[in-house]
Amino acid sequence: MNKVICLFLLSITLTIPIHAQQKTFTLQGMIGGLQEEYIYLYKHDGETKELIDSVKTKNGEFKFESPCEQAFVAEFMVAGRKAGKAFLSPTKMSLFVHKKDMNHKFLIGKLKGSPAQDRYEDFQTKLSENNKQKLKIAENLEIPEIQSDSIKKNQFMKEYARLNQFKDEYYYKYASSPVIAYLIYQEYFAAKRSLEYIKEQLKTLKLANPNGMYVNNLQKRVNIIETLQNKGQFPEIKTKTLDGKEYQLSQHKGKPILLYIWRAWKEDQNQKYYDDIQNITNTFPSLEVVSLIRNSSYNMIRIPGTYKGKTWHPGPRPELNCIEIESLDQSVEIVRFLDRGFHAFLLDKDGKIIYHQDELNTEVLKSQISKHLSNL
């Protein structure tokens, strides 16, 4: 209990000065290697990337100013797909970096005046030192004299276990910082953390930083994933179909629906999915099937007769007798909460999940559809 109270008081202490500041940020500086080129500033909220502003540099110099309620991860993008990231805070900051150092990673030691960036760099420095100590212990444990000495070996093992706790202890100590929620977010994306771990961390994060953007979006992600896993109400889908019509999942209640979600590749690799969908719609002509195609702007095909490429987009296929939707770069929100594999969700008349399959097996899927439809 004392630990929780202290954390609560710490969160109040750290958040009061932030709210007392102006709710804007000012960032000026220079990107070496640029002349008169545009810089695009994006905001990452954990789930999406939003364009904040763009400015044209003069001899590489620039200035951004925008409303800012709380610190966030920003991405600076220039011509040639070069980009760099940093934590911007609601204050005055300066950034000096060369274009060649912008490699889509965080810009270390380049941004001045941002408390959030300072926290991020402090973590990276301490993490690096922690890993060096762990590596040294691992090397010592390989020495025969230590292997044969149980007392020394146990001492090294205890120290190694202590160093292994670094991240969790650091996360707890600075839980009020948006940096911590962001780091936990990224670890989950990289499949280094389980959903249960995230849920446990959220207990502290929501207490220390209750209005944090990354905290709230992390909780939203957990809620949606648990809904999908526990066969709850399928989240809303509101988008356009391949033939340009408006589609809203909630307006199609009253009948069972199969959401067939797949990742597009090259044209010849996509055919198996089209064949699979047609097999299902032929077998169940009264079932509404929605083909949700995950596509990427990097999915290129060669222009006939040239060595140039163009972005591939799926075209309508009326013969499939289904509703077709393209999610380009995760433009359909639900796609952001699923892995890149195949997914099929069978929904009842109220939009609740009654069956989920993540293996591309047509016969199993047809069998399960037949079974569940007979019970409706």
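Axes are lines fitted to C-alpha atoms, for helices over the stretch in contact, and angles run from 0 to 180 degrees between N-to-C directions. Helices (H or I, at least four residues) and strands (E, at least two) are DSSP runs, numbered from the N terminus.

This is a predicted model, in which local features need pLDDT of at least 70, side-chain atom pairs count only at pLDDT 80 or more, and totals for chains, interfaces and linings use all residues. Residues are numbered from 1 along each chain as its sequence is written, and side-chain values use heavy atoms, with hydrogens and water left out.

The axes of helix 5 (residues 166-173) and helix 6 cross at roughly 140° and come within 9 Å. Lys-167, Tyr-170 and Tyr-171 of helix 5 make the contact (heavy atoms within 4.5 Å) with Ile-180, Leu-183, Ile-184 and Glu-187 of helix 6.

Strand 16 has 5 of its 5 residues buried, where buried means under 20% relative accessible area with a 1.4 Å probe, protein chains only. His-343, Phe-345 and Leu-347 lie on one side, and Ala-344 and Leu-346 on the other. Two strands pair if DSSP finds at least two bridges between them. The table gives the pairings of strand 16.

| Partner strand | Bridges | Sense |
|---|---|---|
| Strand 11 (residues 257-263) | 5 bridges | antiparallel |
| Strand 17 (residues 353-357) | 4 bridges | antiparallel |

Phe-345 is the bridge partner of Leu-259, and the bridge partner of Phe-345 in strand 17 is His-356. The hairpin of strand 16 and strand 17 has 5 residues between the strands, and Gly-351 there takes a positive phi near 85°.

Conventions:
Buried < 20%, exposed > 50% of the residue type's maximum accessible area, 1.4 Å probe, protein only.
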